[in-house]
Amino acid sequence: MRKLGIMAFVIGSGVIALPIVAAASDTVRTRIAAYRELGAAFKSANDGLRGDPQTVLLQQAARQIRNAAKQQYSLFPAGSGPQSGVKTAAKAAIWTNPAKFKASQDAFAKQADTFQKAVASGNAANMRAEVRKLGATCKACHDMYRVASE
């Protein structure tokens, strides 16, 4: 009877642990997909600024970037970092110093709004200046919170 109780506990623990691991890996996959979309939108913005600005492409890219900036706050829930055992390029500093990480997210969101306003203005020089600043906010966050790829 005692062996049966231990076996039930082990089986029960496995059933409970599986959804937690699955949830962390789903969150990481969602995060990766969101940032790939953001990267594609940023590339479109830079492509749209080569030569004469491509207004429609830039408006679409700016909207996508702004939407990604709003979404980013939900992409790093507790338990989805390296401690989860799921492979991720996100550094533990995101969760150990959340206020500083949120400040970086806020800087990116503010710059995404500023870039969208620059695109709406139609001023090519202003758009180019703001997209460079936007890229700088991405780089700053990557430098602090992303494991360097080898």
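Helices (H or I, at least four residues) and strands (E, at least two) are DSSP runs, numbered from the N terminus. The structure examined here is a predicted model, in which local features need pLDDT of at least 70 and side-chain atom pairs count only at pLDDT 80 or more, while totals for chains, interfaces and linings use all residues. Residues are numbered from 1 along each chain as its sequence is written, and side-chain values use heavy atoms, with hydrogens and water left out.

The protein chain contains 5 helices and 0 strands, and along the sequence its pattern reads α-α-α-α-α. Of its 150 residues, 29% count as buried; here buried means under 20% relative accessible area, exposed means over 50%, and partly exposed lies in between (1.4 Å probe, protein chains only).

Which residues of α2 are buried? They are Leu-58, Ala-61, Ala-62, Ile-65, Arg-66, Ala-68 and Ala-69. These residues lie on the same side of α2, because they cover an arc of only 160° around the axis, the arc being that of the directions from the helix axis to the C-beta atoms. An α-helix has 3.6 residues a turn, so residues three or four places apart point the same way. The face of α2 turned away from the buried side carries the exposed residues Val-56 and Lys-70.

The packing between helices can be described next. Axes are lines fitted to C-alpha atoms, for helices over the stretch in contact, and angles run from 0 to 180 degrees between N-to-C directions. α2 and α4 pack at an angle of about 160°, with their axes 9 Å apart. That makes α2 roughly antiparallel to α4, since angles over 145 degrees count as roughly antiparallel, under 35 as roughly parallel, 65 to 115 as roughly perpendicular and the rest as oblique. Helix α4 (residues 98-121) also packs with α5, at an angle of about 165° and with the axes 9 Å apart. That makes α4 roughly antiparallel to α5.

Charged side chains form a further feature. Side chains of opposite charge can pair when their charged atoms come close. A salt bridge is a side-chain nitrogen of Lys or Arg within 4 Å of a carboxyl oxygen of Asp or Glu, and by this rule the count comes to 6 salt bridges. One of them joins Asp-26 and Arg-29 (2.5 Å, N to O). Both residues lie in helix α1 (residues 2-48), 3 residues apart, about one turn of the helix. Asp-26 is partly exposed, with a relative accessible area of 40%, whereas Arg-29 counts as exposed at 52%.

In helix α5 (residues 124-145), Lys-133 and Glu-130 are 3 residues apart, about one helical turn, and their side chains meet in a salt bridge (3.4 Å, N to O). Lys-133 is partly exposed at 44% relative accessibility, but Glu-130 is buried at 9%. Elsewhere, salt bridges that share partners join Lys-43, Asp-47 and Arg-50 into one network.
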